[in-house]
Structures are given as C-alpha cells and as structure tokens.
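Have a look at the model below, then read on.

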Amino acid sequence: MINLDYTNHRVIDVRVMNEELFELVLERNKLAFIPGDCAAVYTDDGRSRPYSIASGSNENELRFVIRKMNGGEVSPWLMGRRSGDSIRITPPFGWFRPGQEIGEAPFVFIATGTGIAPFLSYRATFDKPPVHCLYGVRRESDAIGFSKLRNWCPIRLAVSREQTSDHHHGRVTDLLNTLSLTPGTHYYCCGLESMINEVGEWLRQNGVPLMNIHREVFFHG
Ligand SMILES: Cc1cc2nc3c(=O)[nH]c(=O)nc-3n(C[C@H](O)[C@H](O)[C@H](O)COP(=O)(O)OP(=O)(O)OC[C@H]3O[C@@H](n4cnc5c(N)ncnc54)[C@H](O)[C@@H]3O)c2cc1C
C-alpha cells in the first residue's frame, strides 16, 4: 500500500565516526518535528526502522546517529548511502519529550549509545540544560556530541569496553549514585532496554515517582 505521507530527502553526507557508528545527514525539506521525535527510514526495497532525530528543530538539515548492526537489514544499508542519494522517511512521530511539558521542573538525561540522539536534538533546540547527564558508551569514540554536551551541562561518561584516563570505566548505571535526586526532578532515559529498566528500578527504590521517569527504548535485551 502506498503511503502518501512519505517524503524523500537527499543525502547531504554520511559521516562515519568509527566502523560501527555514523551520522546520516539529510536535507530537511522543511519537515516539522519536535525534539524526541523519530522517523521510520526506508531502504530502496521497502524495509524500515525507526530512528530518533538528533538535529535541532531550528536547523536546516536532518541528522540521525546510527549504530550499524552487523547482519542488520537497514542500518548497514544506510551506512552505505552516499551524498546525493535519496532516502524515503515517514512523518516524524513520538511521545518522548525530553525536558519538555514539565514547566520549570529540573530534569536529568540518561543515555546509552545512540540513545543520546533525542538529547542532542533537545540541546540544539533549547537553552535550558539538564541538571545532570549520564552517558554510557562502549568505547570513547562512540561518545557522539560529548564535547558539545560537556560545554553545556554537568555530564559523566561511562565507557564499558576500554580504559580511558578521563572517564568512568564501567556501565552508566554505576554512576547513578552521583545523582542528587532533588524532589520534583524528571528523569529521561533512552537507549538499551536493560539500562532503562535498571535505572527505573533504582529511581523507584529511591523514591522517584513513576510519572517523573520517562523512557524511550531503542534496543531490547
Ligand atoms: C523508537 C526507536 C528509536 C530508535 N532510534 C535509533 C537511533 O537513533 N539510532 C540507532 O542506531 N538505532 C535506533 N533505533 C534502533 C533501530 O530502529 C534498529 O532497530 C537498528 O538500527 C537495527 O536495525 P537493522 O535493520 O540494522 O538490524 P535488524 O535487521 O533489525 O537486526 C539485526 C540483528 O541485530 C540484532 N540486534 C538488534 N539490536 C541489537 C542490539 N542493540 N544489540 C545486539 N544485537 C542487536 C537483532 O536481534 C538481529 O539479530 C531505534 C529504535 C526505536 C524503537
């Protein structure tokens, strides 16, 4: 069935960060979205996966940060695109609204891997920073946008698969004890389901109401 809502977007660039991670940059063509929104991105033969928009809603380009899954149907194909190719996407959609719809309440961002994407979109769009950001990656080179985030808000990076001189060696959940847990704070968690469940459980055990915990699962398991 043909969905007339699809739009085609020209590829501006595929910026490879390392062998597993890349940024897909498309012409925006005035597509409207809110930070936190995803779009389903299509291959030429009609397979699709949702990806969270990482650019700001006031920018002219549309960016996605994507981990290439070996053997995956869509992410390796996207990594192979070149400038000038055309890519079909659905209208943006979503319910995850980091830092939004909570009035003046303070908020915290917690991400693993490409789960940083909606927070990068938020940063590029709004001025008010989170009171804290925890960011977990496998390798230091996976930490997309880290220098920009570091200049904007208090942030801790956890690197699980290599030792670095500046960052925690281990999982992002090891850093939960560094949060100050001020009453009324909202917590936005995005990325791996197991991390999100663990963070949610820890927050609940420490008295954070369920309605202050917001989740966006990218990867199950
Ligand atoms: C709301 C939402 C937003 C998302 N946003 C992003 C985003 O911004 N960036 C991004 O990179 N991804 C994002 N994803 C994940 C993305 O949609 C795809 O699932 C991912 O790119 C894999 O698709 P694929 O077709 O390449 O692999 P598939 O063909 O779907 O899977 C290939 C193989 O990899 C396995 N696999 C899938 N995920 C993992 C994992 N984490 N660890 C180990 N094995 C795995 C599968 O079980 C399968 O065996 C998002 C997902 C959701 C639900």
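What follows is a short briefing on the domains, the ligand shell and one hairpin.

This is a predicted model, where local features need pLDDT of at least 70, side-chain atom pairs count only at pLDDT 80 or more, and totals for chains, interfaces and linings use all residues. Residues are numbered from 1 along each chain as its sequence is written.

**Two domains**
- The protein splits into domain 1 (7–89) and domain 2 (107–219), with bounds from an automatic or database domain assignment.
- Their centres, taken over C-alpha atoms, are 23 Å apart.
- Contact (C-beta atoms, placed from the backbone, within 7 Å) links 17 residues of domain 1 with 12 residues of domain 2.
- On the domain 1 side, β5 gives the most, with four residues (strands are DSSP runs of E, at least two residues, numbered from the N terminus).

**Around the ligand**
- The ligand has 19 residues around it, and the closest are Arg-49, Gly-72, Val-74, Ser-75 and Phe-219 (a residue is near if its C-beta atom, placed from the backbone, lies within 6 Å).
- β4 (48–52), β5 (61–67) and β12 (213–219) each give two or more residues to this shell.
- Both domain 1 and domain 2 give residues to the shell, so the ligand lies between them.

- β3 (residues 38–42) and β4 run antiparallel, joined by five bridges (pairing takes at least two DSSP bridges).
- Ala-39 stands opposite Tyr-51 in β4.
- Five residues sit between the strands, and Gly-46 takes a positive phi near 90 degrees in this hairpin.

How values were computed
Two residues are in contact if their C-beta atoms, placed from the backbone, lie within 7 Å.
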